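Visitor: Hi, could you walk me through a structure?
Guide: Happy to; here it is.
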Amino acid sequence: MERTDIASRADVERLVNSFYDRVRSNAVIGPIFNDIARIDWEHHLPKMYSFWSSILLGEQSYSGNPMVRHIELSRMTAMTETEFSEWLRLFNETIDALFEGPKAEEAKTRAANIARLMLFKIQTI
(Lines give C-alpha, C1' and ligand atoms only; values in the text may rest on other atoms or scores of the structure.)
Protein backbone atom coordinates (compact mmCIF):
# COMPACT_ATOMS: atom_id res chain seq x y z
CA MET A 1 0.00 0.00 0.00
CA GLU A 2 1.33 3.39 -0.97
CA ARG A 3 1.94 5.75 1.92
CA THR A 4 0.61 9.28 1.75
CA ASP A 5 0.86 12.19 4.15
CA ILE A 6 -1.46 12.88 7.06
CA ALA A 7 -4.10 15.15 5.55
CA SER A 8 -7.45 14.57 7.28
CA ARG A 9 -9.09 13.60 10.53
CA ALA A 10 -9.63 10.14 9.04
CA ASP A 11 -5.84 9.86 8.66
CA VAL A 12 -5.37 10.95 12.27
CA GLU A 13 -7.92 8.38 13.44
CA ARG A 14 -6.09 5.68 11.50
CA LEU A 15 -2.79 6.75 13.08
CA VAL A 16 -4.22 6.87 16.62
CA ASN A 17 -6.03 3.53 16.31
CA SER A 18 -2.97 1.78 14.89
CA PHE A 19 -0.66 3.35 17.46
CA TYR A 20 -2.78 2.40 20.45
CA ASP A 21 -3.20 -1.13 19.12
CA ARG A 22 0.59 -1.37 19.36
CA VAL A 23 0.61 0.30 22.79
CA ARG A 24 -1.97 -2.07 24.27
CA SER A 25 0.05 -5.15 23.33
CA ASN A 26 3.47 -3.71 24.19
CA ALA A 27 5.27 -5.38 27.10
CA VAL A 28 6.89 -2.15 28.34
CA ILE A 29 4.05 0.36 28.28
CA GLY A 30 0.95 -1.75 27.69
CA PRO A 31 0.56 -2.55 31.40
CA ILE A 32 0.63 1.17 32.26
CA PHE A 33 -2.31 1.82 29.96
CA ASN A 34 -4.21 -1.40 30.59
CA ASP A 35 -3.59 -2.25 34.24
CA ILE A 36 -2.56 0.94 36.03
CA ALA A 37 -4.35 3.75 34.20
CA ARG A 38 -7.12 1.34 33.18
CA ILE A 39 -7.80 3.36 30.05
CA ASP A 40 -11.39 3.38 28.85
CA TRP A 41 -10.46 3.15 25.17
CA GLU A 42 -13.92 4.11 23.93
CA HIS A 43 -13.56 7.39 25.81
CA HIS A 44 -9.81 7.89 25.33
CA LEU A 45 -9.44 7.37 21.58
CA PRO A 46 -11.79 10.21 20.53
CA LYS A 47 -9.81 12.55 22.82
CA MET A 48 -6.62 11.46 21.08
CA TYR A 49 -8.21 12.02 17.66
CA SER A 50 -8.97 15.59 18.73
CA PHE A 51 -5.56 16.08 20.35
CA TRP A 52 -3.61 15.06 17.24
CA SER A 53 -6.07 16.71 14.82
CA SER A 54 -5.63 19.95 16.72
CA ILE A 55 -1.84 19.69 16.62
CA LEU A 56 -1.45 18.50 13.04
CA LEU A 57 -4.47 19.91 11.25
CA GLY A 58 -5.22 23.05 13.27
CA GLU A 59 -8.65 21.68 14.10
CA GLN A 60 -8.88 23.22 17.62
CA SER A 61 -11.15 20.41 18.80
CA TYR A 62 -9.11 19.34 21.83
CA SER A 63 -9.48 20.71 25.31
CA GLY A 64 -7.77 19.23 28.29
CA ASN A 65 -4.54 19.06 30.21
CA PRO A 66 -2.73 15.81 29.50
CA MET A 67 0.24 16.88 31.63
CA VAL A 68 -1.80 16.69 34.85
CA ARG A 69 -2.97 13.15 34.12
CA HIS A 70 0.53 11.96 33.29
CA ILE A 71 1.95 13.49 36.46
CA GLU A 72 -0.76 11.75 38.49
CA LEU A 73 0.01 8.48 36.71
CA SER A 74 3.75 8.87 37.37
CA ARG A 75 2.97 8.76 41.10
CA MET A 76 1.42 5.31 40.59
CA THR A 77 4.10 3.69 38.41
CA ALA A 78 7.51 4.28 36.90
CA MET A 79 7.42 6.68 33.99
CA THR A 80 11.06 7.10 33.06
CA GLU A 81 13.17 7.56 29.96
CA THR A 82 12.54 3.86 29.23
CA GLU A 83 8.76 4.20 29.06
CA PHE A 84 8.80 7.46 27.10
CA SER A 85 11.38 6.11 24.65
CA GLU A 86 9.21 3.05 24.06
CA TRP A 87 6.14 5.26 23.54
CA LEU A 88 8.05 7.35 21.01
CA ARG A 89 9.51 4.30 19.24
CA LEU A 90 6.01 2.85 18.78
CA PHE A 91 4.66 6.19 17.60
CA ASN A 92 7.43 6.63 15.03
CA GLU A 93 7.08 3.05 13.81
CA THR A 94 3.34 3.57 13.36
CA ILE A 95 3.85 6.79 11.42
CA ASP A 96 6.49 5.20 9.20
CA ALA A 97 4.30 2.17 8.49
CA LEU A 98 1.29 4.26 7.46
CA PHE A 99 2.39 7.69 6.24
CA GLU A 100 5.14 9.73 4.65
CA GLY A 101 5.47 13.44 4.01
CA PRO A 102 5.84 16.76 5.84
CA LYS A 103 2.90 16.22 8.22
CA ALA A 104 4.11 12.73 9.08
CA GLU A 105 7.54 14.18 9.91
CA GLU A 106 5.90 16.98 11.90
CA ALA A 107 3.92 14.39 13.89
CA LYS A 108 7.16 12.59 14.82
CA THR A 109 8.85 15.86 15.82
CA ARG A 110 5.88 16.94 17.91
CA ALA A 111 5.63 13.53 19.58
CA ALA A 112 9.33 13.72 20.50
CA ASN A 113 8.82 17.19 21.97
CA ILE A 114 5.76 16.05 23.94
CA ALA A 115 7.59 13.00 25.32
CA ARG A 116 10.61 15.10 26.28
CA LEU A 117 8.48 17.76 28.00
CA MET A 118 6.35 15.23 29.89
CA LEU A 119 9.42 13.33 31.08
CA PHE A 120 11.06 16.59 32.19
CA LYS A 121 7.95 17.70 34.10
CA ILE A 122 7.58 14.30 35.77
CA GLN A 123 11.24 14.28 36.80
CA THR A 124 11.18 17.81 38.19
CA ILE A 125 7.94 17.80 40.17
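This is a predicted model: local features need pLDDT of at least 70, side-chain atom pairs count only at pLDDT 80 or more; totals for chains, interfaces and linings use all residues.

Visitor: What volume does the largest pocket have?
Guide: About 700 Å³. A pocket here is an open set of points on a 1 Å grid over the protein atoms alone, where a 1.4 Å probe fits, with protein on both sides within 12 Å along at least five of seven lines; lining residues have an atom within 4 Å of a point.

Visitor: Which residues are closest to its centre?
Guide: Of the 30 lining residues, those are His44, Met48, Pro66, Arg69 and His70.

Visitor: Which helix gives the most to the lining?
Guide: Helix 3, with 7 residues. Helices are DSSP runs (H or I, at least four residues), numbered from the N terminus.

Visitor: Switching topic, how many salt bridges are there?
Guide: The count is 12, taking a side-chain nitrogen of Lys or Arg within 4 Å of a carboxyl oxygen of Asp or Glu.

Visitor: Where do Lys108 and Asp96 sit?
Guide: Lys108 is in helix 6 and Asp96 in helix 5, 12 residues apart. Their side chains meet in a salt bridge at 2.7 Å, N to O.

Visitor: And is Lys108 buried or exposed?
Guide: Lys108 is buried, at 15% relative accessible area, whereas Asp96 is partly exposed at 36%. Buried means under 20%, exposed over 50%, and partly exposed in between, with a 1.4 Å probe and protein chains only.

Conventions
Residues are numbered from 1 along each chain as its sequence is written. Side-chain values use heavy atoms; hydrogens and water are left out. Grid points are joined across faces, edges and corners, and a volume is the space filled by probe spheres set on the points. Helices (H or I, at least four residues) and strands (E, at least two) are DSSP runs, numbered from the N terminus.
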